[in-house]
Amino acid sequence: MSPRSWLLLCALFGAAPLAAQTNGAITGHVRQRTGQAVSGAEIGFDGRWVARTDSSGFYRIREARSGWHSVTVRAIGFDTMRRDSVLVRAGQVTVVNFTLDVYTIEQPIVVEAYADSILDPTMVATVQRISGDELRRFPVTTLEEAVSLSAGAVGESYRGGRLGQQAFVLDGLGVKNQLDASTGPLGVRIPPDLLTEASLVTNGFSARYGQAISGLVNVVTKDGGDRWTGRAAYESDRLLSGSADMGQDRAVLAVDGPLGRGIGVVAVLDLDGKLDADPVNAPSPPEARDPRNASPALLPHNSGERYDAAAKLRIPLGGAQTLRLFALRSVEQRLLYDPLYKYDPRNAPARRVRGDLFSAHLQRATNNFSADLRAGYFAREFLRGALAEEPSYRIGAFTGRTFHFIGEELARSQDTALASAPIAGFAAPDLTDRSAWGVPAFFLGGGSRGDIAWNHFRELRAQADFSLGATGADFYFGAEIARQRVRTFQRALGYLPVGDSVPPPTASSFTPTSGAAYFESQLHGADYVVTFGLRYDQFSPGSGVPGSTFGARRSLNPRVGFSTVLKGATFVASWGRFSQAPDFQYLVDAAFDDTLRTGRFRRGNPNLGFEDATQYEFSVRARPSEQTTVRVSVFSKRLDGLVASVPLGVDPDSTIFGNADFGTVRGAELIAERPLRDGWGVRVGYTLQSAEASATDAYQLIRRIRIGPGGDTINPARVEFPLDYDRRHSLTVLGQAQVNDSAGPRVLGVRPFAGLEAAAIVRASSGLPYTMTNATGDTLIGLPNSYRLPMLMTVDLLLRRPLRLGRWQGSVYLDARNLLNRRNIEAVRRESGMPNLTTGAIDSLAERAYAAHPEAIPYESPRYRAFADLDGNGLIEGRNELFPLFLSAARDYTQPLFSYGPPRLFRLGVELVF
Amino acid sequence: MRTRSSTQVTVALVAVVAACSHTEPFRPGQGGANEPLFPGSPAQLTFNPGEDLVPAWLPDGSAFIYTAERGDRADRDRCFATMPARGGSITRYACRTQVADDSINVFDEAAIRGDSIVYVRASTERFLQGLGPDRLELVIAPLSDLNAGRLIQTLGFTTPWGTTYDAVSHVTRLDANRIAFIGERVTYPRGCSSCVPDTVRTGLEIVIADISGATPAYTRMPDGDNPASLTAAANGDTIYFSLQSDSHVLRRTLSTAQTDTLLDLIAGPVIDLTVSSGRVSAVAGGSLYLVDGAAVTELGDPSWLFERPVLSPDGTRLIVTARRTGPTADLWLFELP
């Protein structure tokens, strides 16, 4: 039998759980040098004796946590052998074989093979992973950025799904912003320094996990080690000048080590500040008097600061039991640039999101049975509105102060009666006189939009997972229950009393309950593995939602996987049904302001049900050479019950949310990889995808009414068009190279290129779809999303030069994003199909503004601009003098800033590892 | 050698990074002027096609407030505008409503003392205008927020001695709790049945009001019947006034209850006057005069129609409303020697 066959066989019988997201397994054989099996040998795992070899010398350590471990083998009459640095990856099998000599003083031979997820037939799930170390080596900063490098990902949208159709699993505990995941952030961020690894699972994920229909982001965090280590890093672009200085600062401090009695601790503090948290690569404005003309790079009132602090304790309780306590607080504060407030930015909106996550994990693991009890508390508060006072920066973009918003306390009290009157602190905005053009047009000042939006989501979750190993089969079962509390408040145009065009404030407070139970088994045949899982999901909005009549909603989700080993390749077929509860925000009413400053009232539907996806996939994984792997997957996903606004009666303006839309995503993914060896490595991911929506949206249907050949009115039942995240082609190339320590010429006693590391990410993708309208914007041209944005391309690069500082090691690095400074167009105007308005449209805007304010501007007015007073009579009057100002103001206002992606960004970093 | 070199480089790098500061985002430019368009004396301060009326100095003389008709608002409200003492751009508008609405609101007759202002506010339904304002009020407010005022008196009203005033004018602060004003009768006579009505305001009496309480206490000033103009000295004890069709400037000392004649501007009836730092300026016979001791100087172009002159607290600047060729008034600044 060839070594490869042995490997496969070992993997088959040492089957790991089906995408058991936190843990992996270690298997292997213990033999004498003669090839004879050593039976009854004890296997130690991180200092505990957990298994024995069977009569064939085979052993298996189940539920091994992702990360680095030590494995020891001892048997009477043989040398005791220990192997450190055994890497276990979540959901994979690591093979460690031992060959022992009898009564010998010679060095024993250890044969070790790392996980081969490519050929491992127990790996049914489609998993793309990145380790904490890789994340540090590549030009990515956050976990989200790292996951978005996966094939099939468009930002945080996976396989054509929209935002919020993914779930987040942290050390086996589900965490999801169930309130407004489709429009808002999760609220907590895992500092990358805390990661062991992160992976994106897009199909075949375990029945253990729900609340997602397009992807699962699985995160495994470190346990504290047995010696103190740490890392301190600071990166900034302060040294750069002009447009290259984008006001970025980031500091990281991470430590981990033992506290005694086997207790390990990990703590990370990650601070990130940017004077422009959403920089754009928009062209400079043509008008010389535009203040952005001289300094086009940084936008004012667009800064952001993030504070992430996390700590984790691992407490051994004796025997096979371990308690893990985890705490994370994330705070993000953003000032939001609003073109309307370009000349009075202090009245532009701001946002604050705070998330807290606490979890406890009690694990009892023996080699054939493991039990995991988890409890989690997740709270998230979101605020958006006008700031009560303008923040002042202390260091870079860091204010060090909590943002406070006008009407914040009123929002928290959810007092809709009091909020119906004008809210103290709000002032009505007016057309500002501070613009470069002076004229009363487009730009506002003196008061904010008058919005305050607040919501608070809290969840208590309890989760129990069990696994049972038997010969030829593994069984997994468990259940979870989550008690949630949702509170929301929204008020638009708060400087006006409610009435006429001002919608009433909305508030809600309710306590949904979600529950789930699952069973999963994996049966191992001679050359195949069959996995079957069944998950039951339930959610109930609770009694606090007015109009709720349906009670609990239920969903049953079977999942099946089959994999077998072909010659040099593994074939996997999987089918699964997935469901997730809708965003709770769609259950209740909402009031909000739109860009036209007309308050809107949106009616919720408390009787919404689950959103579902049914997906099947075929994949082939092969290893064409020892150092290269190839994965090809084809998939088809049927989305059903998607929340959409549906007709309520015959009035197209009268709609309500319903589980009415559906769609299909089909695609193929190709991933070829050569790991970093001999100084270089590369991974190429390509995705071909088609994501079509079938909509019953009221507005779309009314628009599609047509007269048939017989003169009958035909009301279409549905329309089909591309989904928002239908990116047809997507190519991601990750390359790494490393120079050895003695390479390069010596300059002044130093080899500047010695040990140099380089990592590059090249991304190229076809454009996302968009919808075109006529010039007035009130009529769609064609179906929604029937036009395409141009292709996007970026090249990111990280260069790192290791250093030694006394006893400490460290490095300096240069992180460059969008190295080619390509001006990527990420959005266009619907009426023009271009980032800019057409000249005619700008003229038209200017004409309308001039017609609204043709009055003369006297010298003493703050609106007076001497350059426009052509006759110098102290009055800007008449079309000749006034209209050019309106035209310039229109050009200024319509600058398509946010149509463009980020510019080239550099950061210089210093890192110390101790 | 290599270790030491690397250490030095790194330490130097950290020091340099820490010492640098970030590039600032762009900021909106500061528009507006800080001096008149054509500096000199007199200098035209306002070019507003609408009305600019009734200036009043801030106590420290750094700026003045006047009633400006807002041509840039659809409701053409008249708001208080604040302008630096030397002219230039308006630094602040204070209006009854932040944005145009369905009413015409007027702030008028500013009288400032300390950090408070007494003024008259009027409002009229914009699309169903009647004769005269729908609502007329005398209020006191902090200078920082003119809309946070306290109502002193709704106008018109009838005094304890039985006179009914439709409106008030020439409001003057005597001290923090006392004001003086001219109580007026307002009529709207028509030249013919189809003619546009005129507005005729007739001064009836000079009234002193104690506004410290919730309800003002009114006193009728003796010798002040049929007044044309009114101002007060900074000490709050002396009131200067003129009577209709009379060229004399009279002086009433409140503490002694004595009234005497300050001067006689023989050019014609005195319709407006101002006193500060020993100087008197008055509009008499349609012309503007400055009286400094025994010297009487005519200011400005005699063809202009002047109204409501006001001397700065130090007496070195005079701001006056003037109508030249057009129907609307602008403000002019005279730098006095």
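These notes walk through a predicted model with chains A and B, point by point.

1. Start with chain A. It has eight helices and 51 strands. Of its 914 residues, 50% are buried. Looking at contacts between residues at least 6 apart in sequence, 69% link residues at least 24 apart.

2. Chain B comes next, with one helix and 26 strands. Its radius of gyration is 25 Å, while the globule rule gives 20 Å for 337 residues, so chain B is more spread out than a compact globule. Along the principal axes, its C-alpha atoms fill a box of roughly 100 × 50 × 45 Å. Buried residues account for 40% of the 337 in this chain. For contacts in chain B between residues at least 6 apart in sequence, 41% join residues at least 24 apart.

3. The buried residues of α8(A) include L882(A), L885(A), F886(A), A889(A) and A890(A). The buried side of the story continues with the partners: these residues pack against α7 (839–852) and β50 (875–876) of chain A.

4. Now look at the largest nonpolar core, which has 140 residues. The residues that touch the most other members are V169(A), V219(A), F886(A), A889(A) and A890(A). Helix α8(A) gives the most to this core, with seven residues. To see one member up close, select A890(A): leaving aside neighbours within four places in sequence, it is in contact with F442(A), I842(A), L845(A), A846(A) and A849(A). Another core lies apart from this one and has 80 residues, among them Y119(B), I140(B), L273(B) and V275(B).

5. One has four strands in the order β20-β21-β22-β23 (chain B), with antiparallel pairing. Its edge strands are β20 (270–276) and β23 (295–299) of chain B, and each pairs on one side only. Neighbouring strands in this sheet are turned by 20 degrees against each other on average, direction ignored. Within the sheet, β21 (residues 279–284) and β22 (residues 287–292) of chain B run antiparallel and are joined by six bridges. In that pair, A282(B) stands opposite Y289(B).

6. The other sheet also has four strands, in the order β1-β26-β25-β24 (chain B), and its pairing is antiparallel. Here the edge strands are β1 (43–44) and β24 (305–311) of chain B, each pairing on one side only. Strand β24(B) pairs in the antiparallel sense with β25 (residues 317–323) of chain B over five bridges. For a landmark, find E307(B): its bridge partner in β25(B) is T321(B).

7. Please take a look at two cis peptide bonds in chain B. One joins S41(B) and P42(B), with omega about 0 degrees; P42(B) is found in the loop between α1 (2–19) and β1 of chain B. Another joins L155(B) and G156(B), with omega about -5 degrees. G156(B) lies in the loop between β9 (150–155) and β10 (157–158) of chain B.

8. Finally, two loop residues have a backbone angle to check. Q414(A) is not a glycine, yet its phi is positive, near 55 degrees. Its place is the loop between α5 (408–413) and β23 (430–431) of chain A. Q414(A) counts as partly exposed because it has 18 C-beta neighbours inside 10 Å. S245(B), also not a glycine, has a positive phi of about 60 degrees and lies in the loop between β17 (238–243) and β18 of chain B. With 11 other C-beta atoms within 10 Å, S245(B) is exposed.

Conventions: Residues are numbered from 1 along each chain as its sequence is written. Chains are lettered from A and ligands numbered from 1 in the order in which they are written. This is a predicted model: local features need pLDDT of at least 70, side-chain atom pairs count only at pLDDT 80 or more; totals for chains, interfaces and linings use all residues. The radius of gyration is taken over C-alpha atoms; the globule rule is 2.2 Å times the number of residues to the power 0.38. A residue is buried if 20 or more other C-beta atoms lie within 10 Å of its own, exposed if 12 or fewer, and partly exposed in between; C-beta atoms are placed from the backbone. Two residues are in contact if their C-beta atoms, placed from the backbone, lie within 7 Å. Two strands pair if DSSP finds at least two bridges between them. Axes are lines fitted to C-alpha atoms, for helices over the stretch in contact, and angles run from 0 to 180 degrees between N-to-C directions. A nonpolar core is a set of buried Ala, Val, Leu, Ile, Met, Phe, Trp, Tyr and Cys residues joined through C-beta atoms within 7 Å.
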